[in-house]
Amino acid sequence: MSALGFLKGTHGLLLGAGVLIGSVGGKVLTSDAAKRLYVEAVAAGLRAKRACEDAIERTRAEMDDIAAEATYLNETVYGTEDDEDQETSKATDAAEPVAPAPAEA
């Protein structure tokens, strides 16, 4: 089949339509109206990002408050310390010198 025979009928119409859509589509995508649309979409995305970051920051602050209140409650009401504080105090107690026993006469 020759190249001319290939372009006859529906194949030729499809090829022409593809070329036309491609060239018009390129012009549309690079137009000023399309660029304004892109800018608006990116701006909306940045606003959404900022809103998510603010929500995460508020949640972190709430969780820090809850952890601080729980630590305070454990230390004051229940008289317990954190595991890290207990390990630190045990290490400090073990490092203190022991007073020698009095010598018997």
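Q: How do you know how much accessible surface the protein chain has?
A: It is computed: the accessible surface comes to about 9400 Å², and 64% of that belongs to carbon and sulfur atoms. Accessible areas come from the Shrake-Rupley method with a 1.4 Å probe, and for residues only the protein chains shown count as cover.

Q: What should I know about the model before reading on?
A: This is a predicted model, where local features need pLDDT of at least 70, side-chain atom pairs count only at pLDDT 80 or more, and totals for chains, interfaces and linings use all residues. Residues are numbered from 1 along each chain as its sequence is written, and side-chain values use heavy atoms, with hydrogens and water left out.

Q: How confident is the predictor in the protein chain, and where is confidence lowest and highest?
A: pLDDT is the predictor's confidence in each residue, from 0 to 100. The chain averages 81, and 69% of the residues score at least 70. Helix α1 (residues 3-6) has the lowest confidence, with a mean of 60, while α3 has the highest, at 95.

Q: What makes the pattern of the protein chain α-α-α-α?
A: Helices (H or I, at least four residues) and strands (E, at least two) are DSSP runs, numbered from the N terminus. This chain has 4 helices and 0 strands, and reading along the sequence gives α-α-α-α.

Q: Is Val28 buried, exposed or partly exposed, and why?
A: Val28 has 49% relative accessibility, so it counts as partly exposed. Val28 sits in helix α2 (residues 10-29).

Q: Why does Thr71 get its label?
A: Thr71 has a relative accessible area of 27%, so it is partly exposed. Thr71 belongs to helix α3. From Thr71 to Glu81 is 10 residues in sequence and 7.9 Å in space, C-alpha to C-alpha.

Q: How much of the protein chain counts as buried?
A: Of its 105 residues, 2% do.

Terms used. Buried means under 20% relative accessible area, exposed over 50%, partly exposed in between (1.4 Å probe, protein chains only).
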